[in-house]
Amino acid sequence: MNKFYQLLRINHYIKNFLVFAPLLFTSRLSNNEDMFNSLYAFIVFCILASSVYIINDILDLNSDRIHPLKKKSKPLAAEIITVNTAKIIFILLILILLILIFFNNNVMITSFTYLFLNFIYTIYLKKIPYIDIIALSSNYILRIYMGCAVLMVDLSIWMGVTVFFAALFISTIKRRQELLLYGPDSREVLKRYSIKNLKKIINISALITIIFYSLYVFSINEKLILTVPLVIYGVLRYMNRSKKKNFSDSPVNEIIKDKQNILLILIWFLIIINS
């Protein structure tokens, strides 16, 4: 079962919890219908994400087989799952997805936008420096947007900017780590990146994330200002940890394995739901 866990990237489902952000910040946790709709959006995005990961693995198979880490960690590159099996799973996921989104136009449009963006990313955008990390960061905006769409609320510009630059911050650190750990030959786009420029983007995106998050929470509920120090510390801690030699190029793994980070998220969550 572990090979299918890796193929579907179930550990990456943590990213999809972003669809619950609009529910949290609109204080509608007590509304069962809204909870159900947000859970529905989460399930849809999990299927979307797994579908994209599978098709990416199929399209990137040749390059993954020569990558020092991916040739061992990805089931297709490691040849523990056949391409035909992966294609069957992909088709099943798409069929389930179509059934789930058929009666909701907003979710359908967001889903197809996500699939289209990631398809274009896989075949073209990932080869263009800086555009590739912007495209990756845009995926997180779509998660937030779907969370808003199912609740029929507008996406706040403050929330949108905060999420985008937080994602840009994490995506840029990922690129920097790939460059440091595996060298420019491990990914075509890395040949056109420099550590110096990536550091600039990391610093700028971290600063903008903190500023816009602070403005957002202050604009909706002054009590949420208590979460600002947590976000500042979390951003600075992640940035500091990323400078260590044993820091990997997987943001998900680094976030999950950091116990202090999990504690910060728990405290942040408790403040949000009690404010």
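Visitor: Why does F17 count as partly exposed?

Guide: In this predicted model, F17 has a relative accessibility of 48%. Buried means under 20% and exposed means over 50%, so F17, at 48%, counts as partly exposed.

Visitor: And what makes F42 buried?

Guide: The relative accessible area of F42 is 13%. Buried means under 20%, so F42 is buried.

Visitor: How many aromatic pairs does the structure hold?

Guide: There are 12 aromatic pairs. One of them joins F17 and F42, with ring centres 4.8 Å apart and planes at 35°.

Visitor: Why is the pair of F17 and F42 called tilted?

Guide: Planes under 30 degrees apart count as stacked and over 60 as edge-to-face, with the rest tilted. The planes of F17 and F42 are at 35°, so the pair is tilted.

Visitor: Which parts does the pair of F17 and F42 tie together?

Guide: F17 lies in the loop between α1 and α2, while F42 belongs to helix α3, so the pair ties together parts that are 25 residues apart in sequence.

Visitor: What makes the pair of F45 and Y114 edge-to-face?

Guide: The angle between their planes is 75°.

Conventions. Residues numbered from 1 in each chain as written. Predicted model: local features only at pLDDT ≥ 70, side-chain atom pairs only at ≥ 80, totals over all residues. Heavy atoms only, no water. Phe/Tyr/Trp six-rings, centres within 6.5 Å; stacked < 30°, edge-to-face > 60°. Helix = DSSP H or I, 4+ residues; strand = E, 2+ residues; numbered from the N terminus. Buried < 20%, exposed > 50% of the residue type's maximum accessible area, 1.4 Å probe, protein only.
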